[in-house]
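Student: I've got a model open and I'd like to check some labels against the numbers behind them. Can we go through it together?

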Amino acid sequence: AGPDALATRSPTGPDDGAVAPASGFPFTVDNCGTEVTFSAPPQRVVTIKSTSTELLLALGLGERIVGSAFADGPVPERWRQDIPVISEQLPAQEPVLALEPDFVYAGWESNFSADGAGERTALGRLGIDTYVSPAACREPGYQPDPLTFEQIFADIHEMGRIFAAEPQAERLVVAQREQLKAVEPDGRGLSALWYSSGSDTPYVGGGTGAPQLVLEAAGLRNVAADVDQAWSPLSWEVVAERNPEVIVLVDSSWSSLKKKIGVLEAHPVISQLDAVRESRYLVVPFAAAEAGVRSVETVQSLVDQLAELD
């Protein structure tokens, strides 16, 4: 748990002395195989990756974020507020520690490393709690296989408990359940390739993670559903054999739509697929491509885009 001075700091103003312990604390969670004990709701948070930043914003906890880093794209307008940016890339440990956080919340386990924000055990010895989005856990027994919306909703509830924001988490989950229930999946049973990045070999959405979950909910058949990974390399030869009817392009600053379409159209075999010749593309921003608070809206976005395809 965080240092006493941090644990008693008011989330909305300067430290004005000790406060009564929050109900339900302390408690311990097993997060990706690391036990973390929370003695009080975090007050000074560093977020790494868009999934962590956006969940806290969606829960109305943006004032707790003292710094963010490694964003995958812009925050949606409805959640946008002025949050200090530590780094556009993975931050080093020094600038993270300089913000005196009591909690570092990361989107990927790899964000916690000696060359990154610091190893989890080392940060824990400094009184800094750490947490990884459970949907991104990699260890057997912790890695979702496959990921479900129930797991995403459970993650939202757990974050609500950590911040003593259970009512906000419950409202968010109820709203997302309603949005998901309202989705009318495309009924054509079209096959789809989730193309995330890569030129010589494409990096695609496999059968266990967010791409599979979102494609299936939108009524699409993932041509890489048999790949037992959330994301994985898949040869262009296999892509050609499976001949997807639509291609989902993940848009990012480092792998733009223009670049991906250029790769598809320049490939001697892939360029001849009907999906490429007819530009049957669907677009997902990278920040919405990973499991999190934007997964439900991504399903609806794909359905809406599919409706525009002849």
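Student: Where does Glu100 lie?

Tutor: This is a predicted model, and in it Glu100 sits in the loop between helix H3 (93–98) and strand S6 (103–106). Its phi is near 50°, a positive value in a residue other than glycine.

Student: Why is Glu100 called partly exposed?

Tutor: Set the value against the cut-offs: buried means under 20% relative accessible area and exposed means over 50%. Glu100 has 47%, so it lands in between and counts as partly exposed.

Student: What makes Ala164 partly exposed?

Tutor: Ala164 comes out at 36% relative accessibility.

Student: Which peptide bond ending at Pro26 is cis, and what is its omega?

Tutor: The bond from Phe25 to Pro26, with omega near -5°. Pro26 is in the loop between helix H1 (4–7) and strand S1 (27–31).

Student: And what about the peptide bond from Asp145 to Pro146, cis or trans?

Tutor: Cis, with omega near 0°. You'll find Pro146 in the loop between strand S7 (129–132) and helix H5 (149–162).

Student: How do you know that the radius of gyration of the chain agrees with a compact globule?

Tutor: For 310 residues the globule rule gives a value near 19 Å, and the chain has 20 Å, so the two agree. The C-alpha trace spans about 70 × 40 × 35 Å along its principal axes.

Student: What share of the chain counts as buried?

Tutor: Of the 310 residues, 51%. As for the surface, the accessible area is about 14100 Å², and 50% of that belongs to carbon and sulfur atoms.

Student: How many helices and strands are there?

Tutor: The chain has 11 helices and 13 strands. On contacts, residues 24 or more positions apart make up 65% of those with a separation of 6 or more.

Student: Where does pLDDT stay under 50?

Tutor: Over residues 1–18, for which the model has 31 contacts beyond four places in sequence. The chain as a whole averages a pLDDT of 93, with 93% of the residues scoring at least 70.

Student: How far apart are the mean positions of the positive and negative charges?

Tutor: They are 3 Å apart, for 22 positive and 44 negative charges.

Notes: Residues are numbered from 1 along each chain as its sequence is written. This is a predicted model: local features need pLDDT of at least 70, side-chain atom pairs count only at pLDDT 80 or more; totals for chains, interfaces and linings use all residues. Side-chain values use heavy atoms; hydrogens and water are left out. pLDDT is the predictor's confidence in each residue, from 0 to 100. Contact means heavy atoms within 4.5 Å. Helices (H or I, at least four residues) and strands (E, at least two) are DSSP runs, numbered from the N terminus. The radius of gyration is taken over C-alpha atoms; the globule rule is 2.2 Å times the number of residues to the power 0.38. Buried means under 20% relative accessible area, exposed over 50%, partly exposed in between (1.4 Å probe, protein chains only). Accessible areas come from the Shrake-Rupley method with a 1.4 Å probe; for residues, only the protein chains shown count as cover. Lys and Arg count as positive and Asp and Glu as negative; His and the chain ends are not counted. The place of a charge is taken as NZ of Lys, CZ of Arg, CG of Asp or CD of Glu.
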